[in-house]
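Me: I would like to go through this model by question and answer, with the cut-offs stated as we go. Please take a look at it with me.

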Amino acid sequence: MTARYLRGTLLLAAAPLAAATAAAALRASHLKLYVDRHRIEITAPPRPDCPHCHGDGGWRTGGAIPEMEACGCWSDRRELRIRLLPIPAWNEPPF
């Protein structure tokens, strides 16, 4: 076997195992897990007992087109992303 084939096989075998391990570890915590074939992402959801946003993650600002202002209870916390496969490029023009 070539080294490239072996490395690809090991990567494909390790990704589901890593995702299953991360899911089992996160069941007891207050973190959110997102997994697809391009990435594994672990983020913190808004705190339900936050006195500022009351668990919504932010609030709407006034104006004709209201925007969401993020609360610091989740926007200032760290997140982890593990890239697995590259995202393919678009083959069509933007407009």
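Me: In which strand is Glu-41 found?

Reply: This is a predicted model, in which local features need pLDDT of at least 70 and side-chain atom pairs count only at pLDDT 80 or more, while totals for chains, interfaces and linings use all residues. Residues are numbered from 1 along each chain as its sequence is written, and side-chain values use heavy atoms, with hydrogens and water left out. Strands are DSSP runs of E with at least two residues, numbered from the N terminus, and the one that holds Glu-41 is β2.

Me: Is Glu-41 buried or exposed?

Reply: The classes rest on relative accessible area, computed with a 1.4 Å probe on protein chains only: buried is under 20%, exposed is over 50%, and partly exposed lies in between. Because Glu-41 has a relative accessibility of 15%, this residue counts as buried.

Me: Which side chain does Glu-41 join in a polar contact of 3.3 Å?

Reply: A polar contact is a pair of N or O atoms within 3.5 Å, where within protein one must be able to donate a hydrogen and the other to accept it, and residues adjacent in sequence count only if both atoms are side-chain atoms. For Glu-41, the side chain joined at 3.3 Å is that of Arg-39.

Me: What is the order of the strands in the open sheet?

Reply: The sheet has three strands with antiparallel pairing, where two strands pair if DSSP finds at least two bridges between them. Strand β2 (residues 39-43) pairs with β5 over four bridges, and Arg-39 stands opposite Arg-83 in β5. The order is β1-β2-β5.

Me: Which strands stand at the edges, each with a single partner strand?

Reply: Having a single partner means that one side of such a strand is left without a neighbour in the sheet. The strands placed in this way are β1 (32-35) and β5 (80-83).

Me: How many disulfides does a search of the whole structure find?

Reply: A disulfide is a pair of cysteine sulfur atoms within 2.5 Å. The cysteine sulfur nearest to Cys-71 is that of Cys-50, at 3.7 Å, and Cys-71 is in no disulfide. The sulfur of Cys-73 is likewise 3.7 Å from the closest cysteine sulfur, in Cys-53, which is too far for a bond. The number found in the whole structure is zero.

Me: What relative accessible area does Cys-71 have?

Reply: Cys-73 is buried, with a relative accessible area of 6%. Cys-71 is also buried, and its relative accessible area is 3%.
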